[in-house]
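User: I have a structure open and want to go through it step by step. Can you take my questions one at a time?

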Amino acid sequence: MKSWTSPVVAPLPASGLPVRLHDSRSREIQEVRPLTPGLVRLYTCGITPYDSTHMGHAATYVAADLMRRAFLDSGVRVRSAQNVTDVDDPLLERADRDAIAWQDLAADQSALFSSDMTALRVVAPDTYRSVSEAMDGIIALVTRIRDAGFAYQVETADADGQDWYLDITRTGTLGDVCGWSREEMAQVFPERGGDPDRPGKRDPFDPLLWRAAREGEPSWEAGVLGRGRPGWHVECVCIAEEALGMPFDVQTGGSDLVFPHHDMSASHAAAIGSGFATIYPHTGMVAYEGEKMSKSKGNLVFVSRLVAGGTDPMAIRLVLMAHHYRTDWEWTDEELRAGTSRLAAYRAAASRDAAHGIVRPDVVEALRAALREDLDTPRAIAVLDAWADEDAGTAVSPAPVEQDGAPDRVDLAVDALFGIELAEV
Ligand SMILES: [Zn+2]
């Protein structure tokens, strides 16, 4: 798919210091040691294109953007990939409800997502692929899993062919990423696309690999699998393998993807004899009006509506920054007011520094240190608040100091590290 237009990132001279991120599997903050020295391979689970781009989406993709910027700042290259789930039950159900073609819904919502990512100055992924685009590779991958003996068929009552499931017990990896008990898994599996009660399955947690064609659903010819469409998890394994190779370094997404999506993606990879990601950082959920922002509850705050109403997208990024990416938090009007006033204060401080020729290597270094320590943006915000509060001429040295060729200008650092443009636009 065509991705969006990336902002220009002008990184500071490489720090050479490692980035540390929280890993949901080990439940610890770990130093990211790339499998290929000098290159981090980063996979971000993309949207199902409807109800985009709500604030939960924005929090996830801005966090992934911060990871990318942290790696760039440390001096390693990044190869990134992101999918678009344009073939899956929730999208098809929404298209049916709204009486439009699923392709049109996916195209419209993907375009909206792209324009929102551009507004938020999120760096575009190197590989951006939809399920429908990746279909040949997905069919080949499911066939490999079948040929390896990890797939079995389940009878259908409403299709000519049979459905294919992954024999998850045989992989021996169920629960490896999430670390949950079966009881914990059972609590969320049905509401996250699972079908534990489907008759004929060997294990309630076996995930769908390939769904035989049904009346009124999109389907593709798939050789020995029969005509149909893929299950959810296999798409990311296919796109990750094609774009990054497996195993790779980091897989990220919302915390509701820990199980089943990321756990089961790793099991799919295990079925073809491969490891999956090394580190799994997950973003918290964003609530609104007391409940998790979700499509089913309809309590969504959209980036595009805020921007159309006059909100500066950089103020939205500052609201996101005020919360550590792993925490759950609630969007409120007060949050937006605080982000907007911060943006004004930071811009005034940037103008003050420019007028006095002030450079601040101490502030820049504190920002970089916060970012590389598990994206500690609340700490960075505290540093910036203090910087903005300073009185020009008293608290700062007006003497320009060049260090390692770095400009040490706070506005340039904020742009490179956090994607926030402080120049007046
Ligand atoms: Zn995914």
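User: Is Asp51 buried or exposed?

Analyst: This is a predicted model. Asp51 has 20 other C-beta atoms within 10 Å. The cut-off for burial is 20 or more. Asp51 therefore counts as buried.

User: Where does Asp51 sit, and what is its phi?

Analyst: Asp51 is placed in the loop between E3 and H1. Most residues other than glycine have a negative phi. Asp51 is not a glycine, yet its phi is positive. The value is near 55 degrees.

User: Where is Pro247, and what is the omega of the cis bond from Met246 to Pro247?

Analyst: Pro247 belongs to the loop between helix H7 (233-244) and strand E10 (248-254). The bond that joins Met246 to Pro247 is cis. Its omega is near -5 degrees.

User: Arg121 has a positive phi. Is Arg121 buried or exposed?

Analyst: The phi of Arg121 is about 60 degrees, although Arg121 is not a glycine. Arg121 is found in the loop between H3 and strand E5 (127-130). It has 21 other C-beta atoms within 10 Å. So Arg121 is buried.

User: How many residues of strand E3 are buried?

Analyst: Strand E3 covers residues 39-44. It is largely enclosed by the rest of the structure, because most of its six residues are buried. The number buried is five.

User: Which residue of E4 is the bridge partner of Thr44?

Analyst: E3 and strand E4 (residues 77-84) run parallel. Six bridges join them. In E4, Thr44 has as its bridge partner Gln82.

User: At what angle do H2 and H3 pack?

Analyst: Helix H2 spans residues 89-97 and helix H3 spans residues 102-119. Their axes are 9 Å apart. The angle between them is about 105 degrees. That makes H2 roughly perpendicular to H3.

User: Which residues make the contact of H2 with H3, and how do they divide by class?

Analyst: H2 supplies Leu91, Leu92, Arg94 and Ala95. H3 supplies Trp102, Leu105 and Ala106. By class, the contact has six nonpolar residues, no polar and one charged.

User: How far apart in space are Ile139 and Ala277?

Analyst: In sequence, Ile139 and Ala277 are 138 residues apart. In space, C-alpha to C-alpha, the distance is 22 Å.

User: How far apart are the centres of domain 1 and domain 2?

Analyst: The domain assignment gives domain 1 as 20-286 and domain 2 as 311-418. 22 residues of domain 1 are in contact with 19 residues of domain 2. Between their C-alpha centres, the distance is 34 Å.

User: Which element supplies the largest share of the side of domain 1 that touches domain 2?

Analyst: Strand E1 (20-23), helix H1 (55-74) and strand E12 (282-283) each supply at least two residues of that side. By class, this side has 14 nonpolar, five polar and three charged residues. The largest share is eleven residues, and the element is H1.

User: How many residues of helix H10 are buried, and which helices are included in what covers them?

Analyst: H10 runs over residues 313-321. Nine of its nine residues are buried, so H10 is largely enclosed by the rest of the structure. Among the buried residues are Met314, Arg317 and Leu320. The cover includes H1, H3, helix H9 (303-308), helix H11 (333-356), helix H13 (377-389) and helix H14 (410-418).

User: Which residue in E15 stands opposite Ala287?

Analyst: The open sheet has the order E14-E13-E15, with mixed pairing. Its edge strands are E14 (291-292) and E15 (329-331). Strand E13 (residues 286-288) pairs with E15 in the parallel sense over three bridges. Opposite Ala287 stands Glu330.

Note on methods. Residues are numbered from 1 along each chain as its sequence is written. This is a predicted model: local features need pLDDT of at least 70, side-chain atom pairs count only at pLDDT 80 or more; totals for chains, interfaces and linings use all residues. Axes are lines fitted to C-alpha atoms, for helices over the stretch in contact, and angles run from 0 to 180 degrees between N-to-C directions. Helices (H or I, at least four residues) and strands (E, at least two) are DSSP runs, numbered from the N terminus. Angles under 35 degrees count as roughly parallel, over 145 as roughly antiparallel, 65 to 115 as roughly perpendicular and the rest as oblique. Two residues are in contact if their C-beta atoms, placed from the backbone, lie within 7 Å. Ala, Val, Leu, Ile, Met, Phe, Trp, Tyr, Cys and Pro count as nonpolar, Asp, Glu, Lys and Arg as charged, and the others, Gly among them, as polar. Domain bounds come from an automatic or database domain assignment. A residue is buried if 20 or more other C-beta atoms lie within 10 Å of its own, exposed if 12 or fewer, and partly exposed in between; C-beta atoms are placed from the backbone. Two strands pair if DSSP finds at least two bridges between them.
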